[in-house]
Amino acid sequence: MKILFALFLLALTVSSAYAQCKFIILVTTGDREDAGTDARVSLSVSTANGKKLVIKSLKPWGQKGHNNFEKGHTDKFEGSGKCLPSKPCRMLLESNGKGNKPGWFVDKVAFTQIEQKNLSQKEKTFNVNRWLARDESPGTLFVVVDDCAK
């Protein structure tokens, strides 16, 4: 009986680890002079145990023909993939620093995961409030927001 119960738990763990989810990402660009960008933007979110969702370019996840990352706007990106096993607590947001006016001021990134099978949700907002630009302090094209220790 114990063996059957252990096999049941293992099967449940494996099936939830491979469950499919819909991801909705809202990116808010600051309302500052020259805050918008045309650069390619990538995003990685991870859980406390290191499980990750990596998006090499947000553009394919966005609305076709829409000009993303403009001053004072919030852009919506949607995609699907394997579910994260727990709520994400760490984010890496990167710009490739190319295109017209590549500097970018980011206010925040809101992440939502919706499991397609049972519609359960995991949500996390990452407050950024800084430039991703070589010519603005702190002079980097990436930001890590790590709330895992909180």
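Modeller: Strand β1 (residues 20-29) pairs with strand β6 (residues 104-115) in the antiparallel sense, over nine bridges. Strands here are DSSP runs of E with at least two residues, numbered from the N terminus, and two strands pair if DSSP finds at least two bridges between them. This is a predicted model, in which local features need pLDDT of at least 70 and side-chain atom pairs count only at pLDDT 80 or more, while totals for chains, interfaces and linings use all residues. Residues are numbered from 1 along each chain as its sequence is written, and side-chain values use heavy atoms, with hydrogens and water left out.

Within the pairing, Leu26 has Ala110 of β6 as its bridge partner. Both strands belong to an open sheet of four strands, with antiparallel pairing and the order β4-β1-β6-β7. The edges are β4 (74-82) and β7 (121-132); each has a single partner strand, so one side of each has no neighbour in the sheet. From one strand to the next the twist averages 15 degrees, taken between axes that are lines fitted to C-alpha atoms, with angles from 0 to 180 degrees between N-to-C directions.

Thr29 lies in β1. Its relative accessibility is 1%, so Thr29 counts as buried (buried is under 20% relative accessible area, exposed over 50%, partly exposed in between, with a 1.4 Å probe and protein chains only). The side chains of Thr29 and Trp104 are joined by a polar contact of 3.0 Å; such a contact is a pair of N or O atoms within 3.5 Å, where within protein one must be able to donate a hydrogen and the other to accept it, and residues adjacent in sequence count only if both atoms are side-chain atoms. Leaving aside residues up to four places away in sequence, Thr29 touches several others, including Phe69, His73, Phe105 and Asp107 (contact means heavy atoms within 4.5 Å).

Cys21 is joined to Cys83, with 1.9 Å from S to S. Cys21 lies in β1 and Cys83 in the loop between β4 and β5 (90-95), so the pair ties together parts 62 residues apart in sequence. Cys21 is buried because its relative accessibility is 0%, and Cys83 is buried at 8%. The link of Cys21 and Cys83 is right-handed, with 100 degrees about the S-S bond.

Methods:
Disulfide = S-S within 2.5 Å.
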